[in-house]
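Work through the exercises below with the sequence and the model at hand. Each task is followed by a solution in steps.

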Amino acid sequence: MTAIIFSDYRLICGFMDDCKNDINVLKCGSIRPGEKDAHSQGEVVACLEKGLVKEAEENDPRIKVSDECKKAILRVAELSSDDFHLDRHLYFACRDDRERFCENTQAGEGRVYKCLFNHKFEESMSEKCRDALTTRQKLIAQDYKVSYSLAKSCKSDLKKYRCNVENLPRSREARLSYLLMCLESAVHRGRQVSSECQGEMLDYRRMLMEDFSLSPEIILSCRGEIEHHCSGLHRKGRTLHCLMKVVRGEKGNVGLNCQQALQTLIQETDPGADYRIDRALNEACESVIQTACKHIRSGDPMILSCLMEHLYTEKMVEDCEHRLLELQYFISRDWKLDPVLYRKCQGDASRLCHTHGWNETTSDLMPTGAVFSCLYRHAYRTEEQGRRLSRECRAEVQRILHQRAMDVKLDPALQDKCMIDLGKWCSEKTETGQELECLQDHLDDLVVDCRDIVGNLTELESEDIQIEALLMRACEPIIQTFCHEMADNQIDSGDLMECLIQNKHQKEMNEKCAIGVTHFQLVQMKDFRFSYKFKMACKEDVLKLCPNIKKKVDVVICLSTTVRNDTLQDAREQRVSLKCRKQLRVEELEMTEDIRLEPELYEACKSDIKNNCPNVPYGNAQIIECLKENKKRLSNRCHQKVFKLQENEMMDPELDYTLMRVCKQMIKRFCSEADSKNMLQCLKQNKNSEVMDPKCKQMITKRQITQNTDYRLNPVLRKACKQDIPKFCQNILSTAKDDAELEGQVVSCLKLKYADQRLSPDCEDQIRVIIQESALDYRLDPQLQMHCSDEISRLCAEEAAAQEQTGQVEECLKVNLLKIKPEMCKKEVLNMLKESKADIFVDPVLHTACALDIKHHCAAIPPGRGRQMSCLMEALEDKRVRLQPECKKRLNDRIEMWSYAAKVAPAEGFSDLAMQVMTSPSKNYILSVITVGICVLFLIGLLCGRITKRVTRELKDRPLSGWDLGYTG
């Protein structure tokens, strides 16, 4: 009887009265019998159903179905939902397909419908049947009661959670989308929904994702986009994913209405809760899930999270990557679409971010992604700041941040505010993770809103660098070896990045990780807030002492200058707090590793780096060392900056990255208790130790050469001689430039005064050390090297080529004094001879030859001021004393050299002559001769005086003659 009634719509109670006019308007057939075959009446109902569907999909006023007829059509569809035989049009369209796909499916309770729905996109499914099934599904989308199984399975749950209104059966509450969202909301809130109902929901959510045409809003809002970008991709959810791709900006632009319709559909179907709902994603990612996520139960929400964690890894396949990012784009724009995040954070979101229920629409005034932004702001608050997230919610927020950092399009606020800047600065940056790095590189060039967003994200990364998932992946080996304890901490607080920076040059470090760490260091220089530990330690100090300064390098300079001034002035209380001073030291040391971390120096020397150090790597301070070695070839601006850098390094050797790296083990051995300011001094004192590392010794020598070029680069000398330098070398200082070396002129000036014994005791001690060191290694005497380089090459090439310098070059020059042609070189060698007269210790060859004799004959005589040299000379003259043959020979050689020096460089005035006598090793002899000479002159004078006196008296006593009286005749 039921089959007979449904074969002719005129037999359905009230149907004729409600739909008579609509049948005529829509031209759905004849209401008179006999004009068509026995089954044509089922076609009339099918025609009306298509009209009803078309009305929802098109804004065409000509297609209008009356409300009474709508109710009648949906009521007929509901009554036929039990047995597919009752839908005459579908029955006749799908008879063969039913036999092909659902032969063993028993009719009744909508089972055949569901079986046919599941095979709808099979290749062998007839188009006629597929169209009829699609129409049926669209009716279900308008009224869930058209699905017998869904209405039956979920009846009690709908009533329990008030998801329908019985007296308004065709209201919005009847729509499938409303039913799904209402029941999903209950599930997300942790309420119990029957398994039968959840199974039905899963089927229909999958159905909506598979076929975009079941959502009238998609057809209505995205028609143009579908025709232009996604035609011919109807099956298995491909059209929806194509539209998602367009929305992501990979294929063109999309209208706001279309984007909103897609977002609504994703919320209705909720694929974040079960990846299987998205058939396109499921098929694309099946192999990845089987390998990378096999430990997770099928259908678990964490499958999507697992896939995100394996994004851009070897296990990921290209199709899965695309489908995953297309879906995640929409999930990232509504925090509720990540079920794990929603479950763990709904309480915090309600308390801190004033959110609504799962299925309640948020205010239009609230930007996309605003709730999640609110959550992550609270996730990284300190206890002092209050209102923190719960531990569970914080962990989920971190998980999402780690995943979203892989693609800027997964951060709605970032993409929205930075769309123009991404196109302007980063259009060519298409590799993974490059877009955010590009925005960070151009931070100062970005528009204000974008700069704020990128700045906030970078600040967040500084606290928890694990957000940078790609960097963490690249640095996995180094983290496991050196930083695993920091990585295991739930709260990072900047420790992990600090550990990576400290171990950046370990042999285990790979190129990708090193580049990533260096990039983050460079980004940190743009704003002190981007260094979390520095920010937390020095925030109050910066506000008080360095207000309105933003760039990290400027803040470091400001605070360092304050600390130095307070130290030099012996201030009672340091203005910079102790915790800030400690972290400031860390920042200063990190900046010395790469010239790019010192922007002013880098900008001043860019062209010089290109010209002089083109193939030198930036890391390990290698560029800085290269510039130092090529200092004479640098441009004025760069030279000045390098000189200033060296001045700071000599005042605080710990800032000399290369010295500290090369001599790391030697510092532990010899200088573990030394103050950082005296580190180089300590190394110099132990330079000639037998256990000194050759590389470290070579580096110490380099720094000594640098120090001897200018007294300002030797803080110890500068302090010891602060009175002597202006007193004796004022003419040199008056012509000096602030940022240019004096090429050892002041040191040479002080050396001469040392030979004349005119320096203060402290200054004399320091100059003695310099003379002793330069007597062993000619390279430590800048003036000698400058004026005698050609002569050294000509006369002393073999000695200069020796690996270990022991004073042989200086001895060679002294021996070949007569062969030296340039006057300035000759003068320098004569100065060396003059210095050696003042102290035997500054003549290493002579000191070595006479060491035993000094011990035997001059042990009681203190060194300095020529005393031991005088002792040896007296021993040489004393025939009773027998000196070592080598010592005797060297002493006689020195006497000849000094004699020659006295001839070619006579005293320049009485004072100089007197000083030469007083400093001469034979001064006793010379003084004796002078004394004897004076006595002889005195006796002669005395004798002459007596004779003169007697003659004068005789003349007085003689009578005057005429001639004497002046008469002439």
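**Exercise 1: an aromatic pair**

Y602 is buried, at a relative accessible area of 18%. The coordinates come from a predicted model.

Task: Classify the ring pair of Y602 and Y618 by the angle of their planes.

Solution.
1. The structure holds 8 aromatic pairs. In the pair of Y602 and Y618, the ring centres are 6.0 Å apart.
2. Planes over 60 degrees apart count as edge-to-face. The planes of Y602 and Y618 stand at 75°, so the pair is edge-to-face.
3. Y602 belongs to helix α34 (residues 599-612), whereas Y618 is in the loop between α34 and α35 (622-629), 16 residues apart.
4. Y618 has 26% relative accessibility and counts as partly exposed. The charged end of R596 sits over the ring of Y618, 4.1 Å from its centre.

**Exercise 2: two disulfides**

Task: State the handedness of the disulfide of C418 and C450, and then that of C671 and C682.

Solution.
1. The sulfur atoms of C418 and C450 are 2.0 Å apart. The torsion about their S-S bond is about 105°, so this disulfide is right-handed.
2. C418 lies in the loop between α22 (412-417) and α23 (419-425), and C450 in helix α25 (residues 448-463), 32 residues apart.
3. C418 has 0% relative accessibility and counts as buried; C450 is buried with a relative accessible area of 0%.
4. C671 is joined to C682 by a disulfide, S to S 2.0 Å. Here the torsion is about -95°, so the disulfide of C671 and C682 is left-handed.
5. Both C671 and C682 are buried.

Methods:
Residues numbered from 1 in each chain as written. Predicted model: local features only at pLDDT ≥ 70, side-chain atom pairs only at ≥ 80, totals over all residues. Heavy atoms only, no water. Phe/Tyr/Trp six-rings, centres within 6.5 Å; stacked < 30°, edge-to-face > 60°. Helix = DSSP H or I, 4+ residues; strand = E, 2+ residues; numbered from the N terminus. Buried < 20%, exposed > 50% of the residue type's maximum accessible area, 1.4 Å probe, protein only. Lys NZ or Arg CZ within 6 Å of the ring centre and 35° of its normal. Disulfide = S-S within 2.5 Å.
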